[in-house]
Amino acid sequence: MPRPTRPARGQDGKKRVYMRKRVCKFCQDPNLPIDYKNPKLLKYFISERGKVMPRRMTGTCANHQRKLKEAINMARHIAFLPFTTLTK
Amino acid sequence: MGRYENIIVISPDCTKEEEEELLKRIRANLEKFGSTILRMDDWAVRKLAYPIKKKEKGHYFFLLLEADEANMANINKFYKTLDMVLRHMLVRVDDKQNGLEKPPDHVVFDELEGEFSN
């Protein structure tokens, strides 16, 4: 009878969560501009609540994340993106 | 001198004549402050991501200016005096920038949004 496989555990005994390595979207495609006028693209980088997604979730590199944050803040000012969404 | 992008959001309530009057005034004042308008786009009435001055919609205009940095404060001050302008923004851009071909797409943020606006 085969031994049941145990989930891989890290050194502290906690279950290790495997995540696929994500690559920065803007580094992959240098022609893709980070533009405050493009809310469709920026929407990908904000949560349902309208918060800016952290780098660890989207895989964006530090340099582009900084530019992204600027663009999102600008888009918020001219009401292309919300500061927050309505609660249930 | 530098190239600037200017987005203005005008209240959707104002009539066509009021709007033309306003745009005429804006154009005259921008020229007074020594800037040339390279491009002026009408992005039509769009839904705002959040209400501004209790307005759910706004009429967007996009302007591309060739202007002097020293006059930016004056232009900002001028926009603040206009009641019909809900929002304005001036951004310094690269000299090769020519604005967008067409207005950006409309974005819906969540399904709940529609229910609340009705």
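Biologist: What does B:Arg46 count as, judged by its C-beta neighbours inside 10 Å?

Modeller: This is a predicted model in which local features need pLDDT of at least 70 and side-chain atom pairs count only at pLDDT 80 or more, whereas totals for chains, interfaces and linings use all residues. Residues are numbered from 1 along each chain as its sequence is written, while chains are lettered from A and ligands numbered from 1 in the order in which they are written. A residue is buried if 20 or more other C-beta atoms, placed from the backbone, lie within 10 Å of its own, exposed if 12 or fewer, and partly exposed in between. Because B:Arg46 has 18 such neighbours, this residue counts as partly exposed.

Biologist: Which residues is B:Arg46 in contact with, leaving aside its neighbours within four places in sequence?

Modeller: Contact is taken as C-beta atoms, placed from the backbone, lying within 7 Å. With neighbours within four places in sequence left aside, the partners of B:Arg46 are B:Lys57, B:Gly58, B:Tyr60 and B:His106.

Biologist: Which element gives the largest share of the side of chain B that touches chain A?

Modeller: Helices (H or I, at least four residues) and strands (E, at least two) are DSSP runs, numbered from the N terminus. The contact takes 19 residues from chain B and 17 residues from chain A. On the chain B side, E1, E2, strand E4 (85–93) and helix H3 (111–117) each give two or more residues. The largest share, 4 residues, comes from E2(B).

Methods
Two residues are in contact if their C-beta atoms, placed from the backbone, lie within 7 Å.
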